[in-house]
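Me: I would like to go through this model with you, contacts and rings included. Could you take my questions one by one?

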Amino acid sequence: MSDLSPLSATLGADIRALRKARGLTLTEIAERLDRSVGWLSQVERDLSDPSISDLRQIAQCLGVPMSMLFAHSNAPAEEQGYVVRAGARRPMGSGEEGLIEELLSPDLTDDFEVVHSTFAPRSRMQTPADRPTQEVGYMISGKLDLVIGGRAFTVGPGDSFRIRHEPYHWANPYDAPAIAVWVIAPPVY
């Protein structure tokens, strides 16, 4: 990879981790992309640079926003895989529901991911989620209304909560932003 590439050496590892978390084989993804298994294997090992069109198709196959695959920061080599600086977090999602998420984990190669979530005042999740994950959230500031598995809760600073492959929904009907840190296993972004 060239030094001018917007992708870091973690792109392939992230693609592999997301593929495995979804229980997909190299062959399944390669067929969906109309590419060879060898090419996809080289992408996952950072031996081949996918084009923007390739990244768009890979993101669609994995069910993640393209920004997750494109927005790798160029951290100093000695920090890659260890440190994520506050100004170098990878944004996730579109933010259209009033939720801004940033990846706190250096990459997606662990058995879990850590996410910083900011819920805008007067925002709410439009469609309840039900993911095959275990998630724990810790509230840093603000308040958040949650419905987890049909039970309603309001959580605030210092509170934590858990979601185990249950339908959930969030809302911030309050005047202040709510900020939480989430740990999600396996990685879904």
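Me: Leaving aside neighbours within four places in sequence, which residues is Leu 62 in contact with?

Reply: Leu 62 is in contact with Ile 15, Leu 18, Arg 19, Arg 22, Leu 24 and Ile 29. Contact means heavy atoms within 4.5 Å. This is a predicted model, in which local features need pLDDT of at least 70 and side-chain atom pairs count only at pLDDT 80 or more, while totals for chains, interfaces and linings use all residues. Residues are numbered from 1 along each chain as its sequence is written, and side-chain values use heavy atoms, with hydrogens and water left out.

Me: Which residues have the most contacts inside the largest nonpolar core?

Reply: They are Leu 62, Leu 69, Phe 119, Leu 144, Phe 161 and Trp 182, in a core of 41 residues. A nonpolar core is a set of buried Ala, Val, Leu, Ile, Met, Phe, Trp, Tyr and Cys residues joined through side-chain atoms within 4.5 Å. Buried means under 20% relative accessible area, exposed over 50%, and partly exposed in between, with a 1.4 Å probe and protein chains only.

Me: Which helix gives the most to this core?

Reply: Helix H4 (residues 52-62) does, with five residues. Helices (H or I, at least four residues) and strands (E, at least two) are DSSP runs, numbered from the N terminus.

Me: How many helices and strands are there in the chain?

Reply: The protein chain has five helices and 10 strands. Of its 189 residues, 41% count as buried.

Me: Turning to the rings, how many aromatic pairs are there?

Reply: The count comes to three aromatic pairs. Rings of Phe, Tyr and Trp (its six-membered ring) pair if their centres lie within 6.5 Å; planes under 30 degrees apart count as stacked, over 60 as edge-to-face and the rest as tilted. Phe 119 and Trp 170 form an edge-to-face pair, 4.7 Å centre to centre with 70 degrees between the planes.

Me: Where do Phe 119 and Trp 170 lie in the chain?

Reply: Phe 119 is in strand S3 (residues 113-119) and Trp 170 in strand S9 (residues 168-172), 51 residues apart. Both residues are buried.

Me: What is the geometry between Phe 161 and Trp 182?

Reply: Phe 161 and Trp 182 are also edge-to-face, at 5.1 Å centre to centre and 80 degrees between the planes. Phe 161 lies in strand S8 (residues 160-164) and Trp 182 in strand S10 (residues 178-185), so the pair ties together parts that are 21 residues apart in sequence. Phe 161 and Trp 182 are both buried, and together with Tyr 168 they form one aromatic cluster.

Me: Back to S9, in which order do the strands of its open sheet run?

Reply: The order is S4-S9-S6-S7, with antiparallel pairing. Two strands pair if DSSP finds at least two bridges between them. Strands S4 (123-124) and S7 (151-155) stand at the edges with a single partner strand each, so one side of each is left without a neighbour in the sheet.

Me: How many bridges join S6 to S9?

Reply: Four bridges join strand S6 (residues 144-148) to S9. Leu 146 stands opposite Trp 170 in S9.

Me: Last topic: where is Phe 112 found?

Reply: Phe 112 is in the loop between strand S2 (99-103) and S3. At 37% relative accessibility, Phe 112 counts as partly exposed.

Me: And what does Phe 112 touch, not counting residues up to four places away in sequence?

Reply: Phe 112 touches Ser 105, Val 183, Ile 184, Ala 185 and Pro 187. Phe 112 and Ile 184 are 72 residues apart in sequence and 5.3 Å apart in space, C-alpha to C-alpha.
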